[in-house]
Amino acid sequence: MPATEHEHSFQLFGTTVRLLVSSTMASALAQALITGRVQSCLEAIHRALTRFEANSELSLLNGHGGEWVRVSETLLQGIQAAVYAARLSDGLVDPTLLRGLQRAGYAGSRVGIAPAPLATALARAPARVAAAPHPAASWKRIQIDENRPAVRLPRGVRLDLGGSAKGMAVDMAAGLLATNPAFAIDAGGDIRIGGMQGTPRTVEITHPLHDRPVQRFSVTAGAVATSGLRTRVWATEDGFAHHLIDPARGEPAWTGVIQATALAPSTLQAETLAKIALLRGPLAGRATLERYGGALILDSGQLILVGNLQGAAEFAASDRRTA
């Protein structure tokens, strides 16, 4: 029986999640059960890992720094994903920066709040400086007991799992869809593509200053993630701020890169590489993307493509490893 494709969208993670799933099951009910299972999985992850709900499991853990706390498998995996991102980035993608985020004005969800004009924010931003890890590296002192499972945060440390949690969630959803002929998951720019038949998909990079596509490429299997300033930038009393914090300074990072797109075998890895590239600035950011390919957009609006973008998207089966 030939496969038919079903599309399903819903709001989650402060964005639109879009599923495209090919299935040999002809009935609409059977296809709805497949996409409903994925949606339920993602919603459960969001409920556990959001910092914007006082009763979420993450928020409750954040209130018990210095103590061992029993955690669910979901929160355990979320924290492990965050520590993976911190290690891969040598501390640039740091989950312990909640205090800096709140000080910058990102204490609550910004869903439904229009962002400030990015061009205006760039004109008033401070001198561009590459971000650096915080010397204390509090994330290294997060203790994890996988057997119980339990976690102990350093006293005074609270976590924001942010992009690493979303990347992990998309990878988990991809695991649920892996045996289908083809699938694509797009959670606000965190994209995972795969399936048994290897169907190519067209991915677009949208320019954050002009709001139009500036690059298209094909992906058969793997992940693409974009990190940028366009959707989460806001005015403050002192100028403008955004959600990507320089760990060393505890303030929004203005590095000369306003958007980075990374390709990788897993969404968590792509999400992390995109953030590293933006935080490191134009030169070091380009080097970050060399292995799998990607793109940078600079303050000037210039688009820089890294590697063979088309070739980097075509992962061999042996390279489809997860983070």
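Close-up 1. Ala260 stands opposite Leu296 in E16. This is a predicted model, in which local features need pLDDT of at least 70, side-chain atom pairs count only at pLDDT 80 or more, and totals for chains, interfaces and linings use all residues. Residues are numbered from 1 along each chain as its sequence is written, and side-chain values use heavy atoms, with hydrogens and water left out. E15 (residues 257–264) is mostly covered: eight of its eight residues are buried, buried being under 20% relative accessible area, exposed over 50% and partly exposed in between (1.4 Å probe, protein chains only). Helices (H or I, at least four residues) and strands (E, at least two) are DSSP runs, numbered from the N terminus.

**Close-up 2. The two partners of E15.** Five antiparallel bridges link E15 to E16 (residues 294–298). Strand E10 (residues 222–228) also pairs with E15 in the antiparallel sense, over six bridges. Here Val224 has Leu263 of E15 as its bridge partner. Two strands pair if DSSP finds at least two bridges between them.

**Close-up 3. An open sheet of three strands.** The order is E3-E5-E4, with antiparallel pairing. Strand E3 (68–70) and strand E4 (143–145) are the edges; each has a single partner strand, so one side of each is left without a neighbour in the sheet. E4 and strand E5 (residues 150–152) run antiparallel, joined by three bridges. Within that pair, Ile144 stands opposite Val151 in E5.

**Close-up 4. The second largest pocket.** Its space is about 470 Å³. Of the 22 lining residues, Pro126, Phe240, Glu251, Pro252 and Trp254 are the closest to the centre. A pocket is an open set of points on a 1 Å grid over the protein atoms alone, where a 1.4 Å probe fits, with protein on both sides within 12 Å along at least five of seven lines; lining residues have an atom within 4 Å of a point. The volume is the space filled by probe spheres set on the points. Helix H4 (98–104), helix H5 (118–124), strand E12 (239–242) and strand E14 (251–252) each supply at least two residues of the lining.

**Close-up 5. Glu271 in helix H7.** Glu271 belongs to H7 (residues 267–280). Is this residue buried or exposed? Glu271 counts as buried because its relative accessibility is 4%. Leaving aside neighbours within four places in sequence, Glu271 is in contact (heavy atoms within 4.5 Å) with Gly163, Ser164, Asp190 and Ala225.
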